Amino acid sequence: MVYGGSVEFKGASILSISQFERADIDHIFRVADRMEPYAQRQRITRVLDGAILGNMFFEASTRTRISFGSAFNLLGGEVRETVGFEASALAKGESLQDTARVLSGFSDIICMRHPESGSVADFASASRVPVINGGDGSNEHPSQALLDLYTIEKELKGLGRSLDGLRVAMIGDLKHGRTVHSLCKLLMLFDNVSVQLVSPKELAMPSNLVDDMREAGISVEESDKIEPSISHVDIVYSTRIQEERFSSRDEADLYRGRFRLNQAIYTSHCEPNTVIMHPLPRDSRAEANELDSDLDSNPNLAIFRQTDNGLLVRMALFSIILDVTHLVDKYASEVRWYNPR
Ligand code: NCD
């Protein structure tokens with residue numbers, strides 16, 4: 001079942017940000033807040049004791065796969081996973097739908113990443129259990145957009161601001177970046193948002209998405225220059241050139257390193273409280289270095305707060321879809337081990 005937009009989404013698959021209404025986002029974020037003591041290991045909950053997550057990653061991943069798996073473990077569930085296309089029966093010619101028919105017999109919920117746009121929806125159509133899209137090609141990455149916006153909400157709260165009126169610059173490979181595609185869709189649910197899109201012309205945000213944003217009331221400006229675009233924004237959201245979507249490494253090299261942010265550029269162009277974000281991994285090779293390591297001591301660098309928040313948001317998604325939110329605290333107990341946090 002694909003979720004169609006209202007606060008209750010028990011048993012629903014999460015395939016696209018377009019499924020959500022604003023009230024849903026608020027609901028997910030408030031449930032995420034309640035997960036904090038469990039993610040911080042101040043308490044343990046076993047609310048998903050006996051449940052199994054099938055974590056199916058047919059494309060490279062470190063944080064998304066481990067984040068989904070850890071979020072499930074933190075709720076007391078077990079995780080089974082497959083990593084990589086070559087190691088799976090897909091490499092023997094099995095259809096995604098057959099794989100879904102099989103794997104959904106083994107799991108209570110499935111997270112899936114795959115290099116083709118639309119593949120996760122295809123898989124979900126044959127699955128007997130809910131499926132969460134962990135990234136389908138260059139199409140969407142809904143849980144990343146949710147954790148990004150949750151982070152933005154928290155960062156702005158510290159400055160006495162809310163999501164309405166948000167000013168964001170998105171930088172890099174906006175053509176292939178599924179995180180920015182999902183984030184743009186999510187921002188359409190808020191008021192008075194302005195977005196600066198900074199990319200090489202060849203890697204611009206798909207025009208249908210820009211049209212949709214404008215139609216939703218977002219003020220959108222497109223540019224291929226970083227400095228003027230980052231000077232009056234709350235959030236600078238940098239992204240990696242999505243090398244795996246190009247026909248060759250040489251082609252990706254044409255764009256790598258075009259838009260670099262370092263402390264000197266930040267100091268001379270950004271407002272003092274501008275928050276720096278990136279879905280990660282940042283490409284730290286000398287020829288790219290889109291977010292310089294000299295920003296690591298900048299307190300407004302939120303990239304590792306994003307990954308921490310990702311756990312909370314993914315715990316919230318599992319708890320809402322599997323309908324245990326009201327039971328999380330009931331199945332809680334004390335932590336017995338040393339906790340350095
Ligand atoms: C992103 C992705 O896979 O789309 N990574 C992630 O999940 N945090 C961004 C990227 O790989 O550049």
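Strand 4 (residues 109-114) and strand 5 pair in the parallel sense over four bridges, where pairing requires that DSSP finds at least two bridges between the strands, and where strands (E, at least two residues) and helices (H or I, at least four) are DSSP runs numbered from the N terminus. Within strand 5, valine 131 is the bridge partner of isoleucine 110. This is a predicted model, in which local features need pLDDT of at least 70 and side-chain atom pairs count only at pLDDT 80 or more, while totals for chains, interfaces and linings use all residues. Residues are numbered from 1 along each chain as its sequence is written, and side-chain values use heavy atoms, with hydrogens and water left out.

The two strands belong to an open sheet of four strands with parallel pairing, in the order 3-2-4-5. Strand 3 (78-83) and strand 5 (131-136) stand at the edges with a single partner strand each, so one side of each is left without a neighbour in the sheet. Neighbouring strands of this sheet are turned by 10 degrees against each other on average, direction ignored, with axes fitted to C-alpha atoms, for helices over the stretch in contact, and angles running from 0 to 180 degrees between N-to-C directions. Helix 5 (residues 119-126) packs on the sheet, touching strand 4 and strand 5, and its direction makes about 160 degrees with that of strand 5; contact means heavy atoms within 4.5 Å.

Elsewhere, aspartate 292 lies in the loop between strand 10 (275-277) and helix 12 (303-321). A polar contact of 3.1 Å joins its side chain to that of asparagine 289, the term denoting a pair of N or O atoms within 3.5 Å, of which, within protein, one must be able to donate a hydrogen and the other to accept it, residues adjacent in sequence counting only if both atoms are side-chain atoms. Not counting residues up to four places away in sequence, aspartate 292 touches Leu261, Asn262 and Arg282.
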